[in-house]
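Hi,

Here is the structure I promised to pass on to you. Have a look at it first, and then read on for what turned up in it.

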Amino acid sequence: MTGLVVAGALVVDGLLLLAQRARPPELAGLWELPGGKVEDGESPDAALERELREELGVETAVGEQLSGEVPVGNGLILRAYRVELISGTPVALDHSDIRWVDARTLGVMDLVDADRTWVPEIGSMLRQTGPS
């Protein structure tokens with residue numbers, strides 16, 4: 001059976017939240033969309049909301065899935081979703097750092113390879129939302 005990993009594109013006022021990996025060593029220092037593994041019996045939405053609560057200390061609502069899925073090894077598939085912040089201020093509870101980036105900055109961030117798939121789509125999303 002294929003395992004599922006979910007990641008969230010959390011956008012607030014035209015900025016995307018990225019998290020800097022602390023581990024494993026081969027990914028430490030790279031930036032990613034925060035998220036994690038879907039547990040047995042858990043829906044992707046519930047898993048992403050739980051992961052963002054655990055990693056960032058925020059309550060979120062999961063929206064539409066971004067285009068495509070990415071195989072990330074060990075039989076795992078990564079899906080990304082648009083996420084809305086409901087409450088809380090994100091803090092790096094499980095990462096080295098977090099950073100809010102605009103579309104231009106997103107294009108130059110040192111991202112984990114899997115998340116590069118969604119850079120064009122997220123970049124377009126960021127340009128459309130802009131500060132409100």
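Let's start with the largest pocket, which holds about 720 Å³ of space. Please keep in mind that this is a predicted model. The lining of the largest pocket is made up of 28 residues, and those nearest its centre are Val5, Arg21, Pro24, Leu27 and Glu32. Sorted by class, the lining has 13 nonpolar, 10 charged and 5 polar residues.

Which elements supply at least two residues each to that lining? They are β1 (3-12), β4 (35-37), α1 (44-56), β6 (70-73) and β7 (76-87).

Of its 10 residues, 8 are buried, so β1 is largely enclosed by the rest of the structure. Buried here means under 20% relative accessible area.

Now for the partners of β1, which you can trace on your screen:

- β7 runs parallel to β1, and the two pair over 8 bridges. As an example, leucine 10 has valine 83 in β7 as its bridge partner.
- β4 runs antiparallel to β1, with 3 bridges joining them. Here valine 6 is opposite glycine 36 of β4.
- β2 (residues 15-20) is also antiparallel to β1, joined to it by 2 bridges. In this pair, valine 11 is opposite leucine 16 of β2.

One last thing to look for is the turn between β1 and β2. These strands form a hairpin with 2 residues between them, and aspartate 13 in that turn has a positive phi of about 50 degrees.

Enjoy exploring, and write back with any questions!

Best wishes

Definitions and conventions: Residues numbered from 1 in each chain as written. Predicted model: local features only at pLDDT ≥ 70, side-chain atom pairs only at ≥ 80, totals over all residues. Heavy atoms only, no water. 1 Å grid on protein atoms, 1.4 Å probe; cavity = no way out; pocket = protein on both sides within 12 Å on 5 of 7 lines; lining within 4 Å. Points joined across faces, edges and corners; volume = space filled by probe spheres on them. Helix = DSSP H or I, 4+ residues; strand = E, 2+ residues; numbered from the N terminus. Nonpolar A, V, L, I, M, F, W, Y, C, P; charged D, E, K, R; others polar. Buried < 20%, exposed > 50% of the residue type's maximum accessible area, 1.4 Å probe, protein only. Pairing = 2+ DSSP bridges.
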